[in-house]
Amino acid sequence: MLTPQTIETVVRAALIEDAPWGDITSQLLIPETAYATARLAAREAGTFSGGAVFTAAMTLTDPSIVVDLAVADGDAFDAGDTLAVVSGPARSVLQAERVALNLVQRMSGIATLTALYVREAAHTSARIVDTRKTTPGLRAFERHAVRSGGGHNHRFSLSDAVMAKDNHLAVLTAQSGLSVTDALLAVRAQLSHTTHLEVEVDRIDQIGPVLAAGVDTIMLDNFTVDQLREGVAIIGGRALVEASGNVNLATVREIAETGVDVISVGALTHSVRSLDLGLDVVVAGSIPGGVPDTEPATP
């Protein structure tokens, strides 16, 4: 999902936003011949994500910058660890710093939070998955970060699967005059065999009519733990069971233990805290051999 083309498109846009006419601070304060080596340092423990994104922010600013990653996406680290070392023209490193940090901090924050949820459910077969509650334009980055933390992805977009929620069903049944079961059977008849059909229910009595339509996944929305157990028993393996709503780190273990197959967690992306990482210059000097041919790019 996180392709080189996606990384370049998003990172270039971020670099243009941050320095549309160049970095006037570095241009005025930093000699053109200055060279710097900096370390990406962890100021708290976590799970890493965004190595390729961090690298792209540096090299798209200036191809002469060299980035050596010390960890891979999905690796755990401790406070004080060096996650990467960056070397290159000081002006370029400083120009790229904020965009590179913003992205890797957010992605690592998502990966770190996801790993906590995954750990709580690890003794069960339940998958922790994300939702479409992502930052517009950054979905591929944030979804990748969830996978770095050991989680899984829900449908990427509205184009990937049929997911009928309460509002869809209200309009569908009112317009068609059909029962929920018959309306869903009519929907199923229009789908290719490769298209997944998921339906949301918010009451126990809705499960039977939905199940009778042969759907692939039933989402039990805002069910209590006891209701989740009952729902799992009613469905009896005839469809995948997704739990959604009221999921947090204090509740996810008990939810996973009800026997659901999937637990969707919007908080993984919509209310996550960026991890505290920093870029610290450790060596400063002059560029060996003078000013390089490649000037820092104004994207």
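Let me start with a term. A cavity here is a set of grid points where a 1.4 Å probe fits but cannot get out, and a residue lines it if one of its atoms is within 4 Å of a point. Keep that in mind for the next minute. One caution as well: what you see is a predicted model.

So, which residues line the second largest cavity? They are L103, R106, M107, L138, F141 and E142. The volume of this cavity is about 30 Å³. The count of cavities of 30 Å³ or more comes to two. Helix 4, residues 90-121, and helix 5, residues 139-148, each supply at least two residues of its lining. Helix 4 gives the most, with three residues.

Let's step back to the whole protein. The model has 11 helices and 12 strands. Along the principal axes, the C-alpha atoms fill a box of roughly 75 × 40 × 25 Å. There are 299 residues, and 46% of them are buried. Next, contacts. Take those between residues at least 6 apart in sequence: 73% of them join residues at least 24 apart.

Now the surface. The protein exposes about 14000 Å². Carbon and sulfur atoms supply 53% of that area. On charge, there are 21 positive side chains and 35 negative ones. The centres of the two sets lie 3 Å apart.

On to the largest pocket. How much space lies in it? About 380 Å³. Its lining has 21 residues. Nearest its centre are T131, K133, K165, S244 and S264. Three elements each supply at least two lining residues: strand 9 (217-221), strand 10 (240-244) and helix 11 (267-270).

Two asparagines deserve a stop here. Start with N222. This residue sits in the loop between strand 9 and helix 9, residues 225-235. N222 has 42% relative accessibility, so it counts as partly exposed. Then there is N246. You will find N246 in the loop between strand 10 and helix 10, residues 252-256. Phi of N246 is also positive, near 60 degrees, and again the residue is not glycine. Is N246 buried or exposed? N246 is exposed, because its relative accessible area is 52% and the cut-off for exposed is over 50%.

Now for two residues on the inside. S26 belongs to helix 2, residues 24-29. Why is S26 called buried? Because its relative accessible area is 6%, and buried means under 20%. Set aside the neighbours within four places in sequence, and S26 is in contact with R91 and L94.

A183 is the other one. Find A183 in helix 7, residues 180-190. With a relative accessible area of 2%, A183 is buried. Which residues does A183 touch, leaving aside its neighbours within four places in sequence? L172, T173, S176 and L178. One distance to finish on. A183 and T47 are 136 residues apart along the chain, and their C-alpha atoms are separated by 45 Å.

To recap. The largest pocket has T131, K133, K165, S244 and S264 nearest its centre. And S26 and A183 are both buried. That's my tour.

Note on methods:
Residues numbered from 1 in each chain as written. Predicted model: local features only at pLDDT ≥ 70, side-chain atom pairs only at ≥ 80, totals over all residues. Heavy atoms only, no water. Helix = DSSP H or I, 4+ residues; strand = E, 2+ residues; numbered from the N terminus. Buried < 20%, exposed > 50% of the residue type's maximum accessible area, 1.4 Å probe, protein only. Contact = heavy atoms within 4.5 Å. Areas by Shrake-Rupley, 256 points an atom, 1.4 Å probe, with all protein chains shown as cover. Lys, Arg positive; Asp, Glu negative; His and termini not counted. Charge placed at Lys NZ, Arg CZ, Asp CG, Glu CD. 1 Å grid on protein atoms, 1.4 Å probe; cavity = no way out; pocket = protein on both sides within 12 Å on 5 of 7 lines; lining within 4 Å. Points joined across faces, edges and corners; volume = space filled by probe spheres on them.
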